[in-house]
Amino acid sequence: MEDWRKDQEVLVMEGRIKVPYRWFAGEVGTRYLESLRDKGVFLGTRCPGCEKVYHIPRRHCPECFEECSQWVELGSSGTLESYTIVRRQHPQLSPLPVPYGYGIIRLEGADTGFLHLLGEFDDKELKVGDSVEAVFSDKREGNILDVKFFRPVKGVE
Amino acid sequence: MGKRVAVTGVGMTRQRSARPDVTGQELINEAVRMALADAGMTRKDIDAVVIGNMDHFEGVNYVDTWSVDGSGALMKPIMKLTTGGTTGSTIAMAAYYHVASGLFDRVLAIGWEKNSESDTTGAIITAFDPFWDRPIFAGAVAGLALEATAYMHATGATEEDAAYVAVRERKHALNNPYAHLHLNMTIEDVMNSPYLSWPVKMGDMCPRTDGACALVFASEDVADDFPIKPAWVLGVADRHLWAYTSDPYLDFKTGEAWFPAMQKSARDVYDRVGITDPLEQFDVAELYLPYSFAGLRYMESLGFCGKGEAPALTRAGTFDMGGKCPVNPSGGVMSSNAIGATAIIRVAEAAWQIQGRAEDRQVPDVKLALATGFGGCFWSDILVLGKEKPEKARG
């Protein structure tokens with residue numbers, strides 16, 4: 001086998017799996033995304049057991065296992081709990097040209113954070129605990145990118 | 001309670017950046033043949049097989065059936081498991097459960113991956129929620145970077161503290177012929193390497209690797225019949241808390257930036273096995289540290305020291321070869337990361353250490369070893385292995 005390989009590169013079969021999917025947001029996800037698209041209002045759900053407010057809204061509390069049946073309006077600003085600044089572009093997957101930021105943001109009135117992009121920030125100034133506010137997209141289509149990004153709230157330390 | 005279980009055979013391929021000379025199932029076969037030879041077994045002696053990888057890294061979804069030529073599983077009970085980075089430790093735990101149940105005496109556990117065959121970042125993203133994570137998430141590096149930022153904020157740890165972990169792991173790998181990377185790096189090399197996703201640099205991260213590892217798990221009824229000394233599995237546990245990318249960094253209740261899934265699974269198994277002081281009691285640890293900051297935060301989450309104390313211990317050499325509890329004599333995940341094989345390799349290295357077979361990376365007189373698995377979804381698997389046969393099975 002070794003001798004044979006000297007004169008022959010191992011052959012490669014190129015492939016690309018491209019499968020179409022249609023993911024249903026479900027009732028809870030749809031109500032949330034409609035509110036974001038039509039009113040620019042973030043909604044959370046409250047667990048009747050531990051009273052935790054989930055944002056992104058959850059249908060069930062993973063700890064109490066109760067149905068989170070109560071909807072709560074949240075603020076459109078919140079606290080930056082962690083973040084990173086991405087420096088390497090992935091040709092298909094990066095949502096923005098590098099460098100760009102994203103982080104975990106806990107909105108006012110919510111007990112859990114969620115993931116979103118960061119924009120209009122100075123990477124030397126940005127820090128965990130900063131107040132950040134949502135900037136909405138001009139064209140809103142009923143997905144999480146109806147929020148363009150979060151940016152630091154000016155004049156807040 | 002179930003049967004006591006031991007690792008009685010180990011097979012591992014050399015970990016390499018690419019193995020174009022073999023297909024996936026041929027790579028699996030290399031590790032299986034080594035494990036069977038080590039255990040003095042033939043294919044006929046295998047009672048059941050547990051196998052796993054991350055399907056989307058090779059784009060083959062029926063690995064349990066597709067791999068039977070290589071795995072030895074033809075016409076035998078087999079199941080496939082896929083749990084992200086923890087895949088290898090989940091396979092080891094499932095093989096352990098098979099044997100502990102009393103239904104099987106000799107179970108083959110196989111973890112493998114050919115990361116060279118796909119776009120690892122593209123494939124990893126398919127593990128995340130299509131509504132809330134995928135439009136924003138940028139792959140494993142940036143996901144880990146969120147953890148690193150939260151840890152540094154909570155403790156005041158620095159990027160240089162993390163660099164000490166990266167250098168240690170690469171130095172240890174120089175003693176391990178199975179390791180993919182053999183890099184004699186300095187702190188400056190790590191600090192000067194380019195940022196992938198701040199605060200994580202190239203020198204902080206694991207590579208992408210091709211490799212396979214197979215273990216034989218045997219019951220107490222047959223464990224003494226093998227040519228090598230058994231490495232006993234004293235206890236295993238796992239915990240998981242992830243639904244979305246924002247979940248694992250901060251404990252919902254306490255707001256603390258540690259790793260509750262790892263803390264709780266460690267505490268669970270420590271209580272059963274009788275570990276009260278991990279740093280004193282473990283002779284060696286083979287931990288799934290996918291990047292440098294993990295070598296700080298996870299030592300604290302595993303109870304080796306208090307919160308914020310890992311940087312000083314790391315700088316003092318506590319976890320170096322010759323230190324109080326060497327971590328990753330193999331060079332760990334930062335030196336080789338064939339993802340579906342990575343966590344079972346931790347168990348294999350722990351078994352070799354207990355059996356005194358770790359060659360140039362052997363820690364003297366190992367009686368108790370810790371092995372862990374970590375998943376990109378912050379899944380946490382813990383296994384404790386020991387030299388002495390336990391008095392009874394402790395789960």
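How many residues of domain 1 of chain B are in contact with domain 2 of chain B? The first legend gives the count. The structure in every view is a predicted model.

**View 1. The two domains of chain B meet.** Here 34 residues of domain 1 of chain B touch 34 residues of domain 2 of chain B. Domain 1 covers 5–120 + 209–225. Domain 2 covers 127–207 + 235–386. Taken over C-alpha atoms, the centres of the two domains of chain B are 23 Å apart.

**View 2. Domain 1 of chain B, on the side that touches domain 2.** Four elements of chain B give two or more residues each to this side: β1 (5–12), α5 (87–100), β4 (106–114) and β7 (210–219). The helix α5(B) gives the most, with eight residues. What kinds of residue make up this side of domain 1 of chain B? There are 14 nonpolar, 16 polar and four charged residues.

**View 3. Chain B meets chain A.** Chain B brings 32 residues to this contact, and chain A brings 33. On the side of chain B, α6 (120–125), α7 (140–155) and β5 (195–198) each supply at least two residues. The largest share comes from α7(B), with six residues. The side of chain B that touches chain A holds 21 nonpolar, nine polar and two charged residues.

**View 4. A strand of chain A pairs with a strand of chain B.** Strand β4 (residues 77–86) of chain A runs antiparallel to β5(B). Two bridges join these strands. Which residue of β5(B) is the bridge partner of Val86(A)? The partner is Ser197(B). Look back at the previous view: β5(B) is also among the elements that supply at least two residues to the side of chain B that touches chain A.

**View 5. Strand β4(A) and its partners within chain A.** β4(A) pairs with strand β5 (residues 100–107) of chain A over eight bridges, in the antiparallel sense. Find Leu80(A): its bridge partner in β5(A) is Ile105(A). β4(A) is also joined to strand β7 (residues 131–136) of chain A, by three bridges. These two strands run antiparallel as well. Thr79(A) stands opposite Ser131(A) in β7(A). Keep one rule in mind for such strands. In a regular strand, side chains alternate between the two faces of the sheet.

**View 6. How enclosed is β4(A)?** Why is β4(A) largely enclosed by the rest of the structure? Eight of its ten residues are buried, so the rest of the structure largely encloses β4(A). Now take chain A as a whole. Buried residues make up 31% of its 157 residues.

**View 7. Chain A from end to end.** Chain A has two helices and eight strands. Read from the N terminus, the order is α-α-β-β-β-β-β-β-β-β. The C-alpha trace of chain A spans about 70 × 40 × 35 Å along its principal axes. The radius of gyration of chain A is 21 Å, while a compact globule of 157 residues would have one near 15 Å. Consider the contacts in chain A between residues at least 6 apart in sequence. Of these, 47% join residues at least 24 apart.

Key
Residues are numbered from 1 along each chain as its sequence is written. Chains are lettered from A and ligands numbered from 1 in the order in which they are written. This is a predicted model: local features need pLDDT of at least 70, side-chain atom pairs count only at pLDDT 80 or more; totals for chains, interfaces and linings use all residues. Domain bounds come from an automatic or database domain assignment. Two residues are in contact if their C-beta atoms, placed from the backbone, lie within 7 Å. Ala, Val, Leu, Ile, Met, Phe, Trp, Tyr, Cys and Pro count as nonpolar, Asp, Glu, Lys and Arg as charged, and the others, Gly among them, as polar. Two strands pair if DSSP finds at least two bridges between them. The radius of gyration is taken over C-alpha atoms; the globule rule is 2.2 Å times the number of residues to the power 0.38. A residue is buried if 20 or more other C-beta atoms lie within 10 Å of its own, exposed if 12 or fewer, and partly exposed in between; C-beta atoms are placed from the backbone.
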